[in-house]
Amino acid sequence: MPVSTVEFAVQMSGPGCAEKVKQSLNSVGTVNIDIPSGRVVVDSDMPWIEIQEKIEETGRRAVLSGFGEKSAVAIVKDVDDKIKGVVRFSSTPDDAHTSGCVVDGVIDGLTPGQHGLHIHECGDISNGCESLGKHYNPRNTRHGSPDNSIDQRHAGDLGNIEADNGGRAKFRFADKLLTVNEIIGRSIVVTERADDFGLGNAENSLIDGDSGKRLACGIIARSAGIFQNFKKICACDGVTIWDERDKPVAGGNRSSQ
Ligand code: ZN
């Protein structure tokens, strides 16, 4: 499993603080902390959500501020806001500019068990998840498993994720075929049922793995890589990076007042 570099902005008041954060990340990977800038940079193959949770167990807020060299992010939601998640993509470090990407995410509010995960061709949510088009399929191939050869899967076939009894699916894997560049502006969708990888008897097994309804989705947007995000405080509306996570991206509820 390739290692990714993940950068967090962490509230740290001094060396004692930084030492606690460092200790919390003992088993995670290589850790570099810069106290004045509040930057914690971790090289690890652990899901970013788990690293963030470890830092926050020390009692500090941590906001992910950079992910890999070239990266993208999708906020995944359903219409009722019952399903919510964040999926991050970064170029694999060994092959940063050609192909390969790490997919690292967490989605809450699912029914326990397996759900299909696919990149879709469009980024148009004018009609919710239904207007996102088909599975991303630039080579005009059949539907399949991400482990299949290049001509026996759609590029967008990412296989299944598994939600635990609490409804949370946490996942991190590398896909050899996809690149971060080609998926920006497209979308990611999580489905009702498990993907059968085209091996089932259902009519649409070779189209979408018979994985059922589109439960939740999100548009894939470019995001900051390591050391690209210098934002500390957004002067325009007084929302600091610490609050960012709990604020809508735009609209009337954005201001911290
Ligand atoms: Zn497919």
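Two residues are in contact here when heavy atoms lie within 4.5 Å of each other. The model on your screen is predicted.

**Stop 1: the whole chain**

Show the protein chain as a cartoon. Look for five helices and 13 strands. The chain has 257 residues, and 48% of them are buried.

**Stop 2: helix α1**

Select residues 15–24. This is helix α1. Which residues of α1 are buried? They are Cys17, Ala18, Val21 and Ser24. Turn the view so that you look down the axis of α1. The buried residues fall within an arc of 120 degrees, so they line one face of the helix.

Click on Cys17 next. Its relative accessibility is 13%, and the limit for buried is under 20%, so Cys17 counts as buried.

Move along to Ser24, also in helix α1. Show its side chain. The side chain of Ser24 reaches the backbone oxygen of Val21 at 2.6 Å. Leaving aside residues up to four places away in sequence, Ser24 touches Lys54, Ile55 and Thr58.

**Stop 3: helix α2**

Select Trp48, Ile49, Ile51, Gln52 and Ile55. These residues of α2 are buried. Look down the axis of α2. Its buried residues fall within an arc of 160 degrees, so they line one face of this helix too.

**Stop 4: the disulfide**

A disulfide joins the two, with the sulfur atoms 2.1 Å apart. A disulfide is a covalent bond between the sulfur atoms of two cysteines. How many disulfides does a search of the whole structure find? It finds one.

Select Cys101. Its relative accessible area is 0%, so Cys101 is buried.

**Stop 5: the zinc ion**

Which residues coordinate the zinc ion? Here are the donors to pick out:

| Residue | Donor atom |
|---|---|
| His135 | ND1 |
| His143 | ND1 |
| His154 | ND1 |
| Asp157 | OD |

The coordinating distances are 2.0 to 2.1 Å. The angles among the four donor atoms are 100 to 121 degrees, and the site is tetrahedral. In sequence, the donor residues are spaced H-x7-H-x10-H-x2-D.

Colour His143 and His154. Both lie in the loop between β9, residues 126–129, and β10, residues 157–163, so the pair ties together parts that are 11 residues apart in sequence. Are these two buried or exposed? His143 has 0% relative accessibility and counts as buried. His154, at 6%, counts as buried too.

**Stop 6: Gly198 and Ser205**

Keep His143 in view and select Gly198. Gly198 sits in the loop between β12, residues 187–191, and α4, residues 205–208. At 12% relative accessibility, Gly198 counts as buried. Leaving out residues up to four places away in sequence, Gly198 touches Arg142, His143, Ser205, Leu206 and Gly209.

Gly198 and Asp208 are 10 residues apart in sequence, and their C-alpha atoms are 7.5 Å apart.

Finish on Ser205, which is found in helix α4. Ser205 is buried, with a relative accessible area of 1%. Now show its side chain. A polar atom there lies 3.5 Å from the backbone oxygen of Gly198. The backbone nitrogen of Leu199 lies 3.4 Å from a polar atom of the Ser205 side chain. With residues up to four places away left out, the contacts of Ser205 include His143, Asp196 and Asp210.

Note on methods
Residues are numbered from 1 along each chain as its sequence is written. This is a predicted model: local features need pLDDT of at least 70, side-chain atom pairs count only at pLDDT 80 or more; totals for chains, interfaces and linings use all residues. Side-chain values use heavy atoms; hydrogens and water are left out. Donors are N, O and S atoms within 2.8 Å of the metal (3.2 Å for Na, K and Ca); water is not among the atoms, so sites may look incomplete. Four donors count as tetrahedral if all angles lie between 85 and 135 degrees; four count as square planar and six as octahedral if opposite donors are over 155 degrees apart and all others between 65 and 115; anything else is irregular. Helices (H or I, at least four residues) and strands (E, at least two) are DSSP runs, numbered from the N terminus. Buried means under 20% relative accessible area, exposed over 50%, partly exposed in between (1.4 Å probe, protein chains only). A polar contact is a pair of N or O atoms within 3.5 Å; within protein, one must be able to donate a hydrogen and the other to accept it, and residues adjacent in sequence count only if both atoms are side-chain atoms. A disulfide is a pair of cysteine sulfur atoms within 2.5 Å. The arc is that of the directions from the helix axis to the C-beta atoms.
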